[in-house]
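Me: I would like to learn how to read a few features of a protein structure. Could we take them one at a time?

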Amino acid sequence: QVQLRESGGGLVQIGGSLRLVCTASGGYFWTYKMGWFRQAPGKEREFVASIGQSGGTPTYADSLKGRFAMTRDNAMNTVSLRMNKLEPEDTAVYYCAADSSTIPGAYDYWGQGTQVTVSS
């Protein structure tokens, strides 16, 4: 069973950048599709980005294209999310998730999340 741990969150000013990293332990990381999600206060969790098992071109939420970039390193069992030009609306808890294909189309492993706060 894979365990996921996010890091890199924090407080950043408007227009700043952050890089989140998700480190996986256990399981078979290279076989999992990986995703990033976020949940802002009082809102439902929303999709941010995903990437296939071997990497390739990530998929992004339309509203985030051009500002966020997801990568993965199967040798290090990590995925990262580079976030640029941050806005107050990006304030949320960010989660990484793994889709092991056990449940079709569903992410079945989740990290604890890391808080990102964007302020002026």
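Reply: We can start with one side chain. This is a predicted model, and in it the side chain of arginine 72 reaches the backbone oxygen of phenylalanine 29 at 3.0 Å. The side chain of arginine 72 also reaches the backbone oxygen of tyrosine 32, at 2.9 Å.

Me: Where in the chain is arginine 72 found?

Reply: Arginine 72 lies in strand 7, which covers residues 68-73.

Me: Is arginine 72 buried or exposed?

Reply: Buried means under 20% relative accessible area. Arginine 72 has 14% relative accessibility, so it counts as buried.

Me: Which residues does arginine 72 touch, leaving out those up to four places away in sequence?

Reply: Among them are Phe29, Trp30, Tyr32, Ile51, Ser54 and Val79.

Me: Now the disulfides. What is a disulfide, and how many does a search of the whole structure find?

Reply: A disulfide is a covalent bond between the sulfur atoms of two cysteines. The search of the whole structure finds one. It joins cysteine 22 to cysteine 96, with an S to S distance of 1.9 Å. The two cysteines belong to distant parts of the chain, 74 residues apart: cysteine 22 is in strand 3 (residues 18-25) and cysteine 96 is in strand 9 (residues 92-99).

Me: What is the handedness of the link between cysteine 22 and cysteine 96?

Reply: The link is right-handed, with 40 degrees about the S-S bond.

Me: Are cysteine 22 and cysteine 96 buried or exposed?

Reply: Cysteine 22 has 1% relative accessibility, so it counts as buried. Cysteine 96 has a relative accessible area of 0% and is buried.

Conventions
Residues are numbered from 1 along each chain as its sequence is written. This is a predicted model: local features need pLDDT of at least 70, side-chain atom pairs count only at pLDDT 80 or more; totals for chains, interfaces and linings use all residues. Side-chain values use heavy atoms; hydrogens and water are left out. Helices (H or I, at least four residues) and strands (E, at least two) are DSSP runs, numbered from the N terminus. Buried means under 20% relative accessible area, exposed over 50%, partly exposed in between (1.4 Å probe, protein chains only). Contact means heavy atoms within 4.5 Å. A polar contact is a pair of N or O atoms within 3.5 Å; within protein, one must be able to donate a hydrogen and the other to accept it, and residues adjacent in sequence count only if both atoms are side-chain atoms. A disulfide is a pair of cysteine sulfur atoms within 2.5 Å.
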